[in-house]
Amino acid sequence: MGRYVLKRLLWMLPVIFGVAVVIFSIMYFVPGDPARFILGTEASADQVAAKRHEMGLDDSYIVQLGRFLFNTFIRFDLGTSYLLNTPVLENLLIRLPNTLAIGLLCMLLQVIIGIPLGVTAAVHQNGFMDRLCMFLALVGVSIPSFWLGLLLVLLFSLKLGLLPAYGIGGIQHFVLPCFANAFAGIATQARQTRSSMLDVIRSDYITTARAKGLSRRDVIYKHALPNALIPVITVLGNGLANIFGGAVVIETVFSIPGVGLYMTNAIGNRDYPVVRGSVVLLAVVFSLIVLLVDLVYAFVDPRIRAQFEGARRRERS
Amino acid sequence: MKEKRFSLFWKAAVLAFVLMGVFPHSRLAAGGNSQAQSSAQAAGSVAGKSIVRIGITYDPGTLSPLAARNGGTIAVHRTIYEFLIDRDTFGGEMKGSLMESWEQVDDLTYNITIYKTIVDTAGNSMGASDVKFIYDTAKAMGTLPKLNIIDSISVVDQHTAAFKFKDPLALGDLEGILSEIPVVTEVSYKASGDNMATRPVGTTAYRVTEVVPGSKIVLEKTENYWQTDASKMPLAAKSNVDAIEFHIIRESAQLVIAMETGAIDITAHIGNARQVSRFQSGGDLADKFTVYNYMNNPVFALPFNCAPGRPFANNLALRQAVAYAIDRAGIVNGAFGGNAVALKALGSSKYGDYNTSWDAQPYYEHDVAKAKSLMAQAGYPNGGLRLRLLCPNNEESLNMATIIQGYLSPIGITLEIASFENAMFNTLKADSSAYDMFITTYGSTDYIVNLWKLGLYAANYDGQRTESFVVDSRLQSLLSQCITVAGHTTANMNAFNAYLNDNMYVYGLVVNYGFVISNKRVTDILLDSRNNIIPGSCAYDFSK
């Protein structure tokens, strides 16, 4: 297992390298002049040209790319924000916990609400609970997160005064944003769980388990659910992109200073170091979380764990 | 069974520990609300201290005095830092803030003497060397083009610095330079370690006590503000409240909710007319809030692309046809819900050097028949002209563009609207093949001539053309006279305005109103020259 993890970590390097090259290239070719943006419309063409030279923007693509890759991967320096004149890495590390908090809490909500919802629907197939759960799931995938967020604010902050409407502080500040961002994912998880459970419930070994006299609870949670979780975990992993992408919208609606908002502002301002640095950092975080999700497969399914260990034994022999 | 419960307990404990670790701000943000804003907090005072909470939509990103100007920095800087000079009102007389006196030595040199008793909130005294340091540092950074007119700064004595300029100054240049950047002490700037990005040290009556990046900035009143002579204090130097909190709220709907719940006391950043109307007379929130309105500095204008080969080049009749076709009153009502004023020139009466006699002069009042007649003169008797309008992708500009599109249709012009985000918009403006006209704003913090300079002064571009590619030496000659101190006369201003109107290179559309909304605890407000709230100088009644 250790070798598998190490191999995956090493494979991350070319992935992140590729991401860095792609984002650099995109920002290089996107129209818009950061020097003009910094100096404003009053600056003359000569002033703008001088500023571009100072910022290294008049160097060739290869030179700029090489400089960026060297600074990022050798010196671990993501540069300085053109507009704010502050180190990008420092600002990202301040903001990353907020984005991670939203992302991880959303994943947690998807697991603790979506999976039981799907199990309930599957166990009561075609019954009232099934229809109710699937109706909620349909509503969940249909509602935009920003709209839901504002509705939740109107209800829980304005009308009931129970939760804060914006900002960061204690965990109560994350309740509404995470729920708004996770709602669609909860719905997707519920639907996937229901589908997987229905497949598994019809299996022979489930019939055997029932025939052996095991309790219903044991049949569902000890035998059916673990086997149904593989596709569910896959969906959870794939949903990461939606979670972190949705975090940008949620951070704006709830004024949470996260990486998404930082990056979005930088895109509009053509603040290249911030955009590049944010994407590279998110790529690292994303890769690590996907690795963790993959490791969960091994935790859940002993067959996959055995495969990892079997590969190691084959290598030794 | 016991083992399972034990295992579950440890899993829950680990999860709780992880969650605590993920929320660093729950421990660090002393000002963070631990519950929804309560009536106790909304009372505006905590433990005997008066607090005012300001809602702003822009994140400064950095509190450095030398940061490139953005909506966030200009909203908070005046509370943290002081400038050499300041104005008490928009367009009002400049008053020394850190500067005690000034003297013109020769055509290019001005001696600036600062007060001898200036001390920053860290206890460091300020001298002329600090003035030289901050201006030299700002110039070297190259992010403030206005400073390029400075040739050098030297220290004359402990409290006097000599500013030497490269050329004789134009109107407003000296005031602009002396109010361009805040002055801080060199020792505090270097001691901060991050150019004062998160640890600013200014000289106002307030010091920053807490910064939650992207979320909140908290300032508390110091008890040892250096300026003890009230008669010498600009209005912006007052300290009528013990603590000030700037809350960064990005979404305007959230700003409205924050006002309603009492999370903030005052904001100048609710610009949507529909949202503002709830707080105005007749609205559902009118009895709990006060709305102050002010005319904005920037005006909306429609420059015509006169680059060679474009339809408007050398075609005065076409430019005038478009001007007559547009009903500015319709834009006032349609795009701004009545919260705007149609212009009668390129500029508004807010500027002290605006000549109110221009209001009585005709200025292309809406006349479709005349517009059609001019279209025929322009070579389009049957219409059939296709034009491209460039505009930024904000709500106001898009609404105006749509309305203009509707007005041009009856005279035979099919208008394509091309809207872009700001960076792209500014890039495309420099491409004469990308558009035929564009919607933009021009503004200044002092004189209308500086507003004119923004779009029409060729020296700001390639020395020959204006922003919209107009090459007209007479236009430049008339403008050049207006912008000098000696030439800034009514006659010269009238001449330029008349020439601009006759040639219709730029059509002044409207100027809109901005709003400051406050709860009843705020009894009077003070805005700076950029219409940002100066919270320490507002008046309060915390008994309400």
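Predicted model: local features only at pLDDT ≥ 70, side-chain atom pairs only at ≥ 80, totals over all residues.
How many salt bridges does the count come to over all chains? The count comes to 26 salt bridges over all chains.

1. Chain A. The secondary structure of chain A consists of 13 helices and zero strands. Read along the sequence, its pattern is accordingly α-α-α-α-α-α-α-α-α-α-α-α-α. The C-alpha trace of chain A spans about 85 × 65 × 30 Å along its principal axes. Chain A has 317 residues, of which 48% count as buried. Among the contacts in chain A with a separation of 6 or more, 72% are between residues 24 or more positions apart.

2. The contact between the chains. Chain A contributes 53 residues to the contact and chain B contributes 54 residues. Between them the two chains bury about 4,200 Å², and 61% of this area is on carbon and sulfur atoms. The count of salt bridges between chain A and chain B is two. One of them joins R95(A) to D59(B), with the closest N and O atoms 3.5 Å apart. On the side of chain A that touches chain B, at least two residues each are supplied by α2 (34–39), α3 (45–54), α5 (88–123), α7 (145–159), α8 (172–201), α10 (216–253) and α11 (259–269) of chain A. The largest share of that side, seven residues, comes from α5(A).

3. An open sheet in chain B. Four strands of chain B form an open sheet in the order β5-β6-β8-β7, and their pairing is antiparallel. Its edge strands are β5 (99–104) and β7 (150–157) of chain B, each of which pairs on one side only. From one strand to the next, the twist averages 20°. Helix α5 (residues 128–141) of chain B packs on this sheet and touches β6 (109–114), β7 and β8 of chain B. The direction of this helix makes about 165° with that of β7(B).

4. The pairing of β7(B) with β8(B). Strand β8 of chain B covers residues 160–165 and is joined to β7(B) by six bridges, the two strands running antiparallel. Within this pairing, S154(B) has A162(B) in β8(B) as its bridge partner.

5. Strand β11 of chain B. Is this strand mostly covered or mostly uncovered? Strand β11(B), residues 243–248, is mostly covered, with six of its six residues buried. A243(B), E245(B) and H247(B) point one way from the strand, whereas I244(B), F246(B) and I248(B) point the other way, and all are buried.

6. The neighbours of β11(B). Strand β2 (residues 49–56) of chain B runs parallel to β11(B) and is joined to it by six bridges. In β11(B), I248(B) stands opposite I56(B). Strand β10 (residues 216–221) of chain B pairs with β11(B) in the antiparallel sense, over five bridges. Here the bridge partner of K216(B) is H247(B) in β11(B).

7. K49(B) and E220(B) form a salt bridge in which the closest N and O atoms are 3.2 Å apart. K49(B) lies in strand β2 of chain B and E220(B) in strand β10 of chain B, so the pair ties together parts that are 171 residues apart in sequence. Both residues are partly exposed: the relative accessible area is 33% for K49(B) and 25% for E220(B).

8. A buried salt bridge. The side chains of D86(B) and R78(B) meet in a salt bridge at 3.2 Å, N to O. Buried or exposed, how does D86(B) count? D86(B) counts as buried at 9% relative accessibility, because the cut-off for buried is under 20%. R78(B) is likewise buried, with a relative accessible area of 14%.

9. Further charged pairs in chain B. R278(B) and D284(B) meet through their side chains in a salt bridge of 2.8 Å, N to O. R278(B) is partly exposed, with a relative accessible area of 26%, whereas D284(B) is exposed, with a relative accessible area of 51%.

Methods: Residues numbered from 1 in each chain as written. Chains lettered and ligands numbered in written order. Heavy atoms only, no water. Pairing = 2+ DSSP bridges. Axes fitted to C-alpha atoms, helices over the stretch in contact; angles between N-to-C directions. Contact = heavy atoms within 4.5 Å. Buried < 20%, exposed > 50% of the residue type's maximum accessible area, 1.4 Å probe, protein only. Buried area = accessible area lost by both parts, 1.4 Å probe. Salt bridge = Lys/Arg side-chain N within 4 Å of Asp/Glu carboxyl O.
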